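Please study the sequence and the structure before reading on.

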Amino acid sequence: MMKKMFLLLTVTASMISACSRNIGPGNLVEKLPNTVVLQWNEIAFKAFDGPVYQHSLMASRINAMMHLAMHDAINAVYPVYQTYVFIGIDKKADVVAAAVSAAHAVLLNEIPAKKNFLDSALNVNLEAIKNPEAKEKGVALGKLAAQAILALRANDGAGADPIGLIQPSEIPGVYNVVPPFNFIFAPFWENVKPFGLQTKNQFRSVAPPALNSQAYAAGFLEVKDRGKLNSTTRTSDETAYAKFWYEFSEAGWNRVSRVAAANKKLNLFEAARLFALVDMALADAYIAGWDSKLHYNFWRPYTAIRAAANDGNDATTADVTWEPSEVTPPIQDYPSTHSALGNAGAAVLAKLLGDNTPFTMGSFTAVPQGSTRSFTSFSQAANENASSRVMAGIHFRFSCVAGQEMGTKIGNWLADHYLLPKQ
C-alpha cells in the first residue's frame, strides 16, 4: 500500500512539474496572474522619479519599449498573441523570469542611474522562482526580447536636447513662449520614429478655426472666462478636475490601465498586451500631436487673450492682465496632446475591455491630496481629461476636440493592427 502511495505521489508531482514547464493556451495560461506587469508599470514610474519627473515624452517612449519587451518575452514562452519585434521562442523558459528580465533590461538601458533600484526590484521577482533551469532560460529570453526593442529604437531620434528656442512673433495666431518658460519643449519630437503609425502625420489634425471665425470666438470666450485664474464662473468641480487631470497624461492613463487590469482580473498575457498597446498609443499620440503642433504653430490662450486687440475678430476683447488657472506647458496649443493621449488610451482600453467599464482612481495632482474620481466608462474619463485643459486655462476647446479626434484614431488603428491573437 505504501509503495503504491509513493508511486502515486511521484507520478502526481511529475505531472505538476510538467504542467508548470509546458503550460499551453487554454490551459493554465489563462490562470497566470497579471502581477508582474502591473508591478513593473509602477516600477517604471518610480524610476522616472515618480510624481516629480519632468520629461513626459521620454517617459512615454520608455513605457512603450518596456511593455513591448515584456509582451514579446511572455509570448516567446507561450505564443498567444503576435509579437511586436522579437521572434525568439523558448517554451522551457520561466515566463515570469522572461517578463521581468525584459522590463529590467529596457529600464536599465534607458535609466542607468537607477540601477540599484531596478536590480533590487528584479531580484525580488527572481528569488520567488524555484526552478533554476527555467529561471535561467527566462532571464536569457527576457534579455533577448529587450535587446530586440532597444535595437529597433536605438536611432529613433529621441536623444536631442529638449530645450528649444524660438524667436518672438507679433503675428496674430502665431505661438509665443508663455511665462514662466522662455523656451519650447522638445520641438524635435515630431520627428521621433512612431511605434505603430505609418507616418507621423497619418492622423494630422485639420487646421484650427480662422481667427476671425465664430468658432474661434466661441473657444476664446470660453477659456477666457472659465479658464481664468480665480474665475468666478468655473464651478468647484471644474476646478477640481482641472487639477486632477493636470499630471502628465502618460502617468494618468497608465494608472487607469492598472486599475482596469486589476478590476477585470486580466491574466498575464491579457495585461501584457493591454499595456503594450496602451503605451504604444500614448507614445504615438505625443509624436503625432507634436507633428500637428509644430505644423500649425498656434498660439496659447495666454497670448491670444492678451493680444486679442489684433486678432481681427470683433467678438473678442483683450485682457492684458489675464492669467490661466494652471501653468501653461511650453509647447504650441493646437491640438491638445493631453486630450490626444487621453483618447488614445481610452480607445485601446475600450477595444480590449469594453468602454462601459466603471473605475475609480486617484491622481498625484488631485486637490485635496489623496482624493479620487469615479467614472462609468473610459470615454467619460477621456472627455473630462480633455475638458480639464479648458478649465485650466491652457487650451482652447477646439484644440481639445481636435486632440480627442486624433487620439481615438490612433488608439483604434493600433489595436486593429498590432499584437493580434494568434490564429
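Predicted model: local features only at pLDDT ≥ 70, side-chain atom pairs only at ≥ 80, totals over all residues.

Q: What radius of gyration does the protein chain have?
A: The globule rule is 2.2 Å times the number of residues to the power 0.38, and the radius is taken over C-alpha atoms. With 423 residues, a compact globule would come near 22 Å, and the value for the protein chain agrees with this: 24 Å.

Q: Is Thr-303 buried or exposed?
A: Thr-303 belongs to helix H11, residues 301–306. Buried means under 20% relative accessible area, exposed over 50%, and partly exposed in between (1.4 Å probe, protein chains only). Thr-303 has a relative accessible area of 12%, so the residue is buried.

Q: Which kind of aromatic pair do Trp-245 and Trp-253 form?
A: Rings of Phe, Tyr and Trp (its six-membered ring) pair if their centres lie within 6.5 Å; planes under 30 degrees apart count as stacked, over 60 as edge-to-face and the rest as tilted. A search of the whole structure finds 25 aromatic pairs. In one of them, Trp-245 and Trp-253 lie 5.7 Å apart, centre to centre, with 20° between the planes, and the pair is stacked.

Q: Over which ring does the charged end of Arg-153 sit?
A: A charge sits over a ring if NZ of Lys or CZ of Arg is within 6 Å of the ring centre and within 35 degrees of the ring normal. The charged end of Arg-153 is 3.7 Å from the centre of the ring in question, which belongs to Phe-195.

Q: Which helix gives the most to the lining of the largest cavity?
A: On a 1 Å grid over the protein atoms alone, a cavity is a set of points where a 1.4 Å probe fits but cannot get out, and lining residues have an atom within 4 Å of a point. The largest cavity has a volume of about 70 Å³, a volume being the space filled by probe spheres set on the points, which are joined across faces, edges and corners. Helix H2 (35–47) and helix H9 (249–263) each supply at least two residues of its lining. With five residues, the helix that gives the most is H9.

Q: Which residues are the closest to the centre of the largest pocket?
A: A pocket is an open set with protein on both sides within 12 Å along at least five of seven lines. The largest pocket has a volume of about 680 Å³. Of the 29 residues that line this pocket, the closest to its centre are Gln-54, Ser-56, Tyr-246, Phe-248 and Pro-329.

Q: Which helix gives the most to the lining of the largest pocket?
A: H9, helix H10 (268–296) and helix H12 (337–353) each supply at least two residues of this lining. With three residues, the helix that gives the most is H10.

Technical notes. Residues numbered from 1 in each chain as written. Heavy atoms only, no water. Helix = DSSP H or I, 4+ residues; strand = E, 2+ residues; numbered from the N terminus.
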